[in-house]
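The following exercises are to be worked through with the sequence and the model side by side.

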Amino acid sequence: MKFEQKTQNFSKTKPGHVFEFDYVFSNNGNKPLIINNIEVTCSCTKYIYPKRPIVPQQKETIKVSFDTKHKIGYQDRILLVYSNAENSPTKIRFKGMVDNKSEK
């Protein structure tokens, strides 16, 4: 399992914005890749991943959304992607700043 980009940054924002990220990956193995589960530490992070086997050399996408409601300060979230790949689990992450200071 090889990701085109494992880490994504979001721009400074106010609480309440929902960011969406696409993590494109390919099956660089020689057998079908099956994602079993994804773990996150916060319910503010949602994800959608392919439920069917991914054939060798095929590209797919994990879609992630992050709701900044009730979040303040620097955010650094890690998702653990569990699969039948040799490098499982694979870490993907996003980070950025949520600032609640009012503009003057």
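**Exercise 1.** Over the ring of which residue does the charged end of Lys51 sit?

*Solution.* The model is predicted, so that local features are taken only at pLDDT of at least 70 and side-chain atom pairs only at pLDDT 80 or more, whereas totals for chains, interfaces and linings use all residues. Residues are numbered from 1 along each chain as its sequence is written, and side-chain values use heavy atoms, with hydrogens and water left out. A charge counts as sitting over a ring if NZ of Lys or CZ of Arg is within 6 Å of the ring centre and within 35 degrees of the ring normal. The ring is that of Tyr49, whose centre is 3.6 Å from the charged end of Lys51.

**Exercise 2.** Describe the pair formed by the rings of Phe10 and Phe66.

*Solution.* Rings of Phe, Tyr and Trp (its six-membered ring) pair if their centres lie within 6.5 Å, with planes under 30 degrees apart counted as stacked, over 60 as edge-to-face and the rest as tilted. The whole structure holds 10 aromatic pairs. For Phe10 and Phe66 the centres are 5.8 Å apart and the planes stand at 40°, so this pair is tilted. Both Phe10 and Phe66 are buried (under 20% relative accessible area, with exposed over 50% and partly exposed in between, for a 1.4 Å probe and protein chains only).
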